[in-house]
Amino acid sequence: MSESENRLEHERNILGAAYLRPSCIGEIVGQITADDFLQPAHRAIWATMVDLWVKEESLEPGIIVERVNRAGAAEPLAALGGAAFIVELPEECIVFETLSYHVNKIRRASQRYRWGQMLAKLAARATRTEETDEEFLDAIGSEVLRMMLVEGEKAQSSKEKTRKQVLREVVDAIEHAHKNRGSHCLGVPTGIADLDEASRGLRPGQLVILAARPGVGKSALMSQMVEHAAQAGTAVLVFSLEMTALELGKRSIASEASIDAQRLARGEIEPKHWLAIN
């Protein structure tokens, strides 16, 4: 079986599951879009099924065919067999438990196809002589960034959760807190006991904003929290629009060696300081 035939089989499995049990649409609607389907008729059928499911209307073959034809995909659907094709879709659905497998296969194949198209476009552009090297390199950066943003949005939408999924996570969190009762920190420690006690540590998915007047130690506090988190075994990534990597490194050394950062900047280093730095 070729790669495209394999992909079409995954698509039919998803459409068959959706037709047989419309509630499946709610489980995967945030993970794939109609554009992820390779076959134009499959694309139109999925878009129609989602629209009918959202409006809480029946997924009757006649209604689906009418909507698909109205969307301008009559010819691709007729080539597959029209209404008979839709009626036979459940035969492609083996078990519902494998639905996420088929969804992942389609999403990844669609992603690779989009990247392939973008790279082919850039390869063709590389042969042009009217563009300067700088313009071409800028184009590469812009295209790659655009694709990363698009894929990022798709990945984010795939993280949408049903109420049942959220409640399961709530129960898991409660059980975790119960098992670790007595511990003042359940997440990534900041190194500040009172803050860890109040916040229970930094946890995945949180956005924490540290705000204060200029020059009162926000960056120093951030550096301290970063160092402590790293020492606790957590991978840390720092983006800074304010300081260079060299300046951040100096702050890190000053904090770890317990040396005044200004003394480091002025070069007022004594033998005891070198010992701490080493």
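Student: What does I64 touch, leaving aside neighbours within four places in sequence?

Tutor: I64 is in contact (heavy atoms within 4.5 Å) with Y19, I45, T48, M49, L52, L59 and I86.

Student: What kind of model is this?

Tutor: A predicted one, where local features need pLDDT of at least 70, side-chain atom pairs count only at pLDDT 80 or more, and totals for chains, interfaces and linings use all residues. Residues are numbered from 1 along each chain as its sequence is written, and side-chain values use heavy atoms, with hydrogens and water left out.

Student: Which residues touch the most other members of the largest nonpolar core?

Tutor: I14, I45, W46, M49, I64, L77 and I86, out of 29 residues in that core. Such a core is a set of buried Ala, Val, Leu, Ile, Met, Phe, Trp, Tyr and Cys residues joined through side-chain atoms within 4.5 Å.

Student: Which elements give two or more residues to it?

Tutor: α1 (3–20), α2 (23–28), α3 (40–54), α4 (61–70), α6 (83–87) and α7 (99–125); helices are DSSP runs of H or I, at least four residues, numbered from the N terminus. The largest share, seven residues, comes from α3.

Student: How do α1 and α3 sit, then?

Tutor: Their axes (lines fitted to C-alpha atoms over the stretch in contact, with angles from 0 to 180 degrees between N-to-C directions) come within 11 Å and cross at roughly 25 degrees. That makes α1 roughly parallel (under 35 degrees) to α3. L8, E11, R12, I14, L15, A18 and Y19 of α1 meet H42, I45, W46 and M49 of α3.

Student: New topic: is H42 buried or exposed?

Tutor: H42, in helix α3, counts as buried because its relative accessibility is 2%; the cut-off is under 20% relative accessible area, with a 1.4 Å probe and protein chains only.

Student: What does H42 touch, not counting residues up to four places away?

Tutor: L8, E11, R12, L15, F37, L80 and F85.

Key
Buried means under 20% relative accessible area, exposed over 50%, partly exposed in between (1.4 Å probe, protein chains only). Angles under 35 degrees count as roughly parallel, over 145 as roughly antiparallel, 65 to 115 as roughly perpendicular and the rest as oblique.
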